[in-house]
Amino acid sequence: MTVGKRRRSLAAAAAVLSGVLVLSACNDDEAGTAASGSATATSQAQVDEAAEQKTSKAQITISPENGSQNASINNAAKVAVTEGKLTEVTMTSTEGTAVKGEIAADGLSWKPTGQLERATVYKIAATAVDAEGLEAHENSSFTTVSKENSFIGNFTPEDGSTVGVGMPVSINFNKAITDKKAVQSGIKVSSSSGQEVVGHWFNSTRLDFRPDDYWKAGSTVTLKLDLDGVEGAKGVFGVQQKTVTFKVGRSQVSTVDVEKKTMTVVRDGKVIRTIPISAGSPENTTYNGQMVISEKFKETRMNGATVGFTDSDGKGEYDIKDVPHAMRLSTSGTFIHGNYWGSRSIFGSVNTSHGCVGLADVKGAGDPNQMAAWFYDQSITGDVVIVKNSKDKTIAPDNGLNGWNMNWSSWKSGSAL
């Protein structure tokens, strides 16, 4: 080999080797880049997976929403979870008072066991776990409706009571109601007798319910108040959510004949007694009409000044501190009661009272053989006392629980529905 050829061969070999090296270098770079990219992707996937594993799938919801105002005292503070189970829920007022509650057997919900207080800030902290045991947490705070921004209805008769056939359901609201339709829509009254029951508004605060005729003896009446959250007036919400039932007892309707000065007591359609009475004097006549016994007092004080009967000195024309066996028939002061201060000769012969119906009795209400004592013992709230043949007018339907003095069509016209 000549020197020139040898040099060219070495150069060519070098070029070939150089090309191989270059090619190798390129191949090494690509492999390195690919390896680096693979490592980066794997690392990110691991991070994402790890992050996913650290986040519980359990989703907790608390109602009302955090920061809510005018929350319900009956339906607020409900906790629920999906994709998990509740393990702990704590609820406290801002004063630190703990509120008792229960997690449902399936672990999916929690609620307080009692009614909340009005105008109170409550805080809830809830914890749940998912299927993998990872915990989720949620917190909320809300304020319940204040007394100023809420209304309630005081009702009669009481839950579980037994009453006479004339007892209406009477509801007196502590705030004036402007949206009567909304409020009445949240109240249902029904009877096991199947009688149609209709509500009648006497004014902005009183709503009574009754059927066309007296309740059927032995029936059960149910009152459902679903007023929670109902806006009865602008910015004023209902807070009641309850069901009340009462029993209608035997039928007892007693008729006072002012002219004859007698009272005939009819029980389940049969006369059980006729009692001599003394009604209102010609100067102070007794109302006519159907009246319902709303209260019973074995003894009570009656002062004429409280019902407009005063002397020139402004004091009551009478003040009897121990009127026996008294039963209220009107808000304005009409009672049927025992009378021990009048002569026995007046009963059945002379009307002498200031408008009440008097029956013979003794001081102290201790003799069960007296006519007043017998009638008191035989009577329950809701029994009807009808007065007829008096020179006075018919009692106003809203003077006591006496809506029976309004005909059915007029009664129904007072409904907001």
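Tutor: Two strands count as paired if DSSP finds at least two bridges between them. Strands (E, at least two residues) and helices (H or I, at least four) are DSSP runs, numbered from the N terminus. This is a predicted model: local features need pLDDT of at least 70, side-chain atom pairs count only at pLDDT 80 or more, and totals for chains, interfaces and linings use all residues. Residues are numbered from 1 along each chain as its sequence is written, and side-chain values use heavy atoms, leaving out hydrogens and water.

Student: What is the order of the strands in the open sheet of four?

Tutor: The order is E9-E11-E14-E13, with antiparallel pairing. The twist averages 20 degrees from one strand to the next, where axes are lines fitted to C-alpha atoms (for helices, over the stretch in contact) and angles run from 0 to 180 degrees between N-to-C directions.

Student: Why are E9 and E13 said to stand at the edges?

Tutor: E9 and E13 (198-201) each have a single partner strand, so one side of each lacks a neighbour in the sheet.

Student: How many salt bridges does the structure hold?

Tutor: It holds seven. Another of them joins Arg250 to Asp383, again with closest N and O atoms 2.8 Å apart. That pair links distant parts of the chain, 133 residues apart: Arg250 sits in the loop between E18 and E19 (252-257), Asp383 in the loop between helix H3 (371-378) and E27.

Student: Why is Asp383 called buried?

Tutor: Its relative accessibility is 1%, so it counts as buried.

Student: What makes Asp319 and Arg301 partly exposed?

Tutor: Asp319 has a relative accessible area of 32%, which places it in the partly exposed range. Arg301, at 48%, is partly exposed as well. These two form a salt bridge, with closest N and O atoms 2.6 Å apart. Asp319 lies in E24 and Arg301 in E23 (295-303), so the bridge ties together parts 18 residues apart in sequence. A network of salt bridges links Arg301, Asp319 and Lys321.

Student: Where does His325 lie, and what is its phi?

Tutor: His325 lies in strand E24 (319-328) and has a positive phi of about 50 degrees, although it is not a glycine. At 4% relative accessibility, His325 counts as buried.

Student: What makes the link between His325 and Asp361 a polar contact?

Tutor: A polar contact is a pair of N or O atoms within 3.5 Å (within protein, one must be able to donate a hydrogen and the other to accept it, and residues adjacent in sequence count only if both atoms are side-chain atoms). The side chains of His325 and Asp361 are joined at 2.6 Å, and the link qualifies.

Student: Why is the set that includes Phe173 and Val189 called a nonpolar core?

Tutor: A nonpolar core is a set of buried Ala, Val, Leu, Ile, Met, Phe, Trp, Tyr and Cys residues joined through side-chain atoms within 4.5 Å. The largest one has 32 residues, and Phe173, Val183, Ile187 and Val189 touch the most other members. E11 (169-173), E12 (187-191), E14 (206-210), E15 (220-226) and E18 (241-248) each supply at least two of its residues. Apart from it lies another core, of 22 residues, among them Ile73, Val89, Met91 and Trp110.

Student: Which residues does Val189 touch?

Tutor: Leaving out residues up to four places away in sequence, the contacts of Val189 include Phe209, Trp215 and Leu223. Contact here means heavy atoms within 4.5 Å.

Notes
Buried means under 20% relative accessible area, exposed over 50%, partly exposed in between (1.4 Å probe, protein chains only). A salt bridge is a side-chain nitrogen of Lys or Arg within 4 Å of a carboxyl oxygen of Asp or Glu.
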